Amino acid sequence: MVNLDVSAVGLEEAMAREWLAVNGLGGYAASSIISLNTRKYHGLLVAAMASPVRRMVILSRVEETVIHGGAACPLAVNEYPGTIHPRGHQLLRAFDTHPYPRWAYQADGWTVEKSLRLLEGESTVCLSYTLLGAQRPIEFQLRPLFALRGIHELMYQWNGRLRAEAHGDDQWRIPATARTPEAFFAHDGRFHSDAYWYLATIYRREQQRGYGGLEDLWMPGVAHWTLSPGQTAHFICSTEPIDLPETLRRLADEDARSDRSGRGGVSADPVLDDLLRAAGQFVVRPPRKGGAGSQAGGVRIFGGFPWAAPDIRKALIAFGGVMLVRGDFDSARTLIEGLLGHVRNGLLPSEFPEDGGTPIYRGADVSLWMINAVWQYLCYTRDDASVRRWLASLVRIIQAHQSGTDLGIRIDEDGLLSSHLPGSPTTWMDAKAAEWAITPRYGRPVELNALWHNAVSIVARLADRYGERSTGVELAMLARRIHVGFNRRFWNEQTGCCYDVVDDRGADGAIRPNQLLAVSLPFCVLSLDRHAAVLDRIREQLLTPFGLRTLSPRDPAYEGRYAGNALLRDRAAHQGTAYPWLLGSLCSANLRVHGRGEKARREARVFLEGCLRHLRAEGLGQLPELFDGNVPHAPGGEIADAASVAEVLRAYVEDALDRLPPPLPSISSSGADSPLLEPPSPALP
């Protein structure tokens, strides 16, 4: 739980703290704690019009006013050129994120609590205002401000002729135009139609990031209530017609269930509960009503909020924490089966575009991450029936890589995997500025080959497990070949760690965290006697309190601050910026080197401490995509990142708390207790 005394926080700091609520469709609500939108991606209802993509900011914000004793007290706050107006943050006394975002406002003689709830599986938001105490009844007014545009766009008053029309006794409809979607709003008060535009709203974070940050918002009228102490006003906005009594009944039922459960967590560990709650926000399920534009299909992991399109690599990195540690095994199985349907020439999409278009295949490692996810799934669930059914698809993925496939992927005489697609980075370090690939890493990237060896070893183990003896032998031999070639080609005696990339002309000795996967994956490719040296080098040069730097500060190309315009940020993204998700691999590698004793588990908790503290304080229940490599390690990128949360959660449970699934028993048809040819490195217990 994150409970914040706003009176102790300055205006600048309050604007920098951002909360998030989700609806399970890819849609969300987000803003700063004082309800001042600092990004064009902020909004009270951001709807996925074809779940989980085509997201649009429907309701940007609201302006509320309490009238008490003849004095008007605004609760809202907004930034315009040269001024902040109104200044409702001066009346904000407290903010909390659990079980949903809540604000407490207070002035002389009255106290109002505001809450925001998104309906699960629907693009609907409900704002509620309860008068907790007052000397006399108050008049309450609410003005809704609509943006009605795509998340990457901005609205201007000339973009369309908007109007609101009555749609029954208690709701209004905003008809669609050539530029804007249909929307509905309802309330249990009185509504006075008086439409006009609010001009020149400023989004300061967009301007700082080098983008346009000026927008006009449309206001259709004013909703009015007279509230006595204990009474509540409700305002609801949706992309579908609203049944106001039914919506209020659902909200009351949810409150009753929360009260019966004490609104607590599922364990006796509040840190674990906060991590589980954060991870659950990235699960996207088919819509309840299956709208016409839905791309439902099945369960997905949304890679991050608020602006990125569905990122499949990030979802698969997050798979263990988001799905398995949370025990959501049915969703995990559905996710894998859905992704298998998108395999093309042995590759998985790296991204499903925000516009709902054709999936993008730009990642050389994505299908290898999926094979790792299958192994994790089997270790947690023992679902041999499903994994046996998937085996043929996994074998075809390996065979496609052996034969050579898209993105310039091929294997060499050592069995090592290379990828070279001019102008396109194919690893997770994929930042680009126009046509400039900032960290292209053409050739044989170290983590691609660690994932390749891990994937071949997994499929070899599964083939033997399910009676495919000849395939198991063949792939186990390939895994051994990769192991030998990797240790011959990638070890850098001068630095005592791995080269980052090996190509036909030489090797890149930059010290990066990618080599950690050669130690931390279930079937590690690096020889055991070299693990400790790699771990020492990474802890010495890359470790920060919030993640691992993507490049050593001793490197001349190091960029330790992620800020400024798009070019400056992209230059820094993988040249020194620290990523929390890499801490999961660090914890696993540390336990592999030092054993699963109390000392190593205590060190894992130390590695995670900064992120846990951020999630439970400044992060308001979430972890961002990245932090600066330089002190004070300011957060950056997306405000909520699935890989960051999931890997911190997985490491906290598996490594810090030592809660691993029991060892996987063999069911090999050969009757053996181990594969026909043991891969060079053992699986984690």
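This is a predicted model: local features need pLDDT of at least 70, side-chain atom pairs count only at pLDDT 80 or more; totals for chains, interfaces and linings use all residues.

Me: What makes β2 mostly covered?

Reply: Five of the five residues of β2 (residues 18-22) are buried. Buried means under 20% relative accessible area, exposed means over 50%, and partly exposed lies in between, using a 1.4 Å probe and protein chains only. As for the two directions, in a regular strand the side chains alternate between the two faces of the sheet.

Me: How do you know that β2 is joined to β3?

Reply: Strands pair if DSSP finds at least two bridges between them, and β2 has five bridges to β3 (residues 28-32), running antiparallel. Val-22, for one, has Tyr-28 in β3 as its bridge partner. The two strands form a hairpin with five residues between them, and Gly-24 in the turn has a positive phi of about 80 degrees. Strands here are DSSP runs of E with at least two residues, helices are runs of H or I with at least four, and both are numbered from the N terminus.

Me: What does Ser-386 touch, leaving aside its neighbours within four places in sequence?

Reply: Ser-386 is in contact with Arg-333 and Tyr-377, where contact means heavy atoms within 4.5 Å.

Me: Why is α7 called roughly antiparallel to α8?

Reply: Two packed helices are described by the angle between their axes and the distance between the axes. Helix α7 (residues 366-381) and α8 pack at about 155 degrees, with axes 11 Å apart. That angle makes α7 roughly antiparallel to α8; the cut-offs are under 35 degrees for roughly parallel, over 145 for roughly antiparallel, 65 to 115 for roughly perpendicular, and oblique for the rest. The axes are lines fitted to C-alpha atoms over the stretch in contact, with angles from 0 to 180 degrees between N-to-C directions.

Me: How do you know that α15 and α16 are roughly antiparallel?

Reply: Helix α15 (residues 598-615) and helix α16 (residues 642-656) pack at an angle of about 160 degrees, with axes 9 Å apart. The two helices are therefore roughly antiparallel to each other. Among the residues that meet are Leu-608 and Leu-612 in α15, and Val-648 and Tyr-652 in α16. The contact of α15 with α16 divides into eight nonpolar, no polar and three charged residues. Here Ala, Val, Leu, Ile, Met, Phe, Trp, Tyr, Cys and Pro count as nonpolar, Asp, Glu, Lys and Arg as charged, and the others, Gly among them, as polar.

Note on methods
Residues are numbered from 1 along each chain as its sequence is written. Side-chain values use heavy atoms; hydrogens and water are left out.
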